[in-house]
Amino acid sequence: MAVATASKPTDPKHNIEAMREAYYERISKYDMAPLWKVMKSVVTKEPVTHGVPAIWRFQDAKALVLESGPLITAEEAERRVLILENPAMRGQSKITNSMFAGIQMILPGEVAPAHRHVSSAIRFVLDGKGAYTAVEGEKTIMAPGDFVITSNWAPHDHGNDSNEPMMWLDVLDFPMVNFFETSFAEHFDAATQATSRGDGDSLAFYGSGVLPDSVPDRRGASPVINYTYARTRPIVERMKKAGDIDKRHGARVRYVNPVTGGPVLPTMGANLALLPEGFKGEPYRATDGTVFVCVEGKGTTKVGDKTLEWGPNDVFVVPPWQRYSHQASKESVLFSISDRPAQEALGIWREEH
Ligand SMILES: [Fe+2]
């Protein structure tokens, strides 16, 4: 004999559930859906990140990147880059939801051919000396710690006339560009571009507290293409000596567009910070996910309940709205880059300390 259940057809609760399900199915055929079923997951009370904190040790990365040398040439690859994928976002070519990061290598005698794209890129030089990046007619010889920008639609190529492999961190905003579905790219017939200016011209012209009458329009990006470590490092040293040390970030400068005083690129901004020996930073969080490079020194960064131990050339990522604090066991320099300018332009950037 059948046993009556709580959900018998006459139950009004059963009826409304069944009616709702039938309704959802019907509206689905018209490509419509009820907001009230997803409201809490699309309008969250606090930022929700898909990424996790992670570190890539240079010792491992360098060996793995070197292995790719005999496998593919820079010209065949167009760019010989190993992507640093956030472990929680594998297969998406992202280190945070809005930024790509990778380690690029160029071997002696190689050329990475000229191209341009809407995505802006930065290079932060890790290892080697003497390779160049040419950007809009200026060839800049790169050294460790140099911060090179190639802005939206700027033609660029890389070459290595030295006798050692050269490696740098590439960070691009193409996840943002692709979110808006606005990517364009173009390749040139010639592998390298003709130079029309001398190495260091842009830094001398635009980064010296004076500006020539003819500043090029770079769609809001800085006209300086290489902010050299040789120029920036002594400034954070001087700040340390002056006692200008932020409790969370250390003696820190931001790289600026000298024409506007704003960030170097409309989408991404970068900083260089010196953490004195024994520095114990106060906790901080902000809505921009940040990629850090240890340029010098040794220390740890606590992110939530995870501790990342870093040394020279290690790259690590702190996802958005994760509380973090830096500790330096010896004097250290950290480079960092994030999507803060894009968030500020949209009025959605927040911080808490
Ligand atoms: Fe490129």
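The legends below describe views of a predicted model. Residues are numbered from 1 along each chain as its sequence is written, and side-chain values use heavy atoms, with hydrogens and water left out. Because the model is predicted, local features need pLDDT of at least 70 and side-chain atom pairs count only at pLDDT 80 or more, while totals for chains, interfaces and linings use all residues.

Figure 1. Helices (H or I, at least four residues) and strands (E, at least two) are DSSP runs, numbered from the N terminus. The C-alpha trace spans about 90 × 55 × 45 Å along its principal axes. Of the 353 residues, 48% are buried, where buried means under 20% relative accessible area (1.4 Å probe, protein chains only). Among contacts with a separation of 6 or more, 74% join residues 24 or more positions apart; a contact means heavy atoms within 4.5 Å.

**Figure 2. Three histidines coordinate the iron ion.** The donor atoms are NE2 of His115, NE2 of His117 and NE2 of His156, at 2.1 to 2.2 Å. Donors are N, O and S atoms within 2.8 Å of the metal (3.2 Å for Na, K and Ca); water is not among the atoms, so the site may look incomplete. The spacing of the donor residues in sequence is H-x1-H-x38-H. His115 counts as buried because its relative accessible area is 7%, and His117 is buried at 14%.

**Figure 3. Phe335 belongs to the largest nonpolar core.** A nonpolar core is a set of buried Ala, Val, Leu, Ile, Met, Phe, Trp, Tyr and Cys residues joined through side-chain atoms within 4.5 Å. This core has 46 residues, of which Ile122, Phe147, Leu169, Leu272 and Phe335 touch the most other members. Beyond its neighbours within four places in sequence, Phe335 is in contact with residues including Phe124, Tyr255, Ala270, Val291 and Val295. Another core, of 15 residues, lies apart from it and includes Ala286, Leu308, Val318 and Leu334. In soluble globular proteins, nonpolar side chains tend to be buried together.

**Figure 4. Thr133 sits in strand 6.** The strand covers residues 131-135. Thr133 is buried, with a relative accessible area of 0%. Leaving out residues up to four places away in sequence, Thr133 touches Glu138, Lys139, Thr140, Met142, Val148, Thr150, Asp157 and His158. Ala242 lies 109 residues from Thr133 along the chain, and their C-alpha atoms are separated by 35 Å.

Definitions and conventions. Buried < 20%, exposed > 50% of the residue type's maximum accessible area, 1.4 Å probe, protein only.
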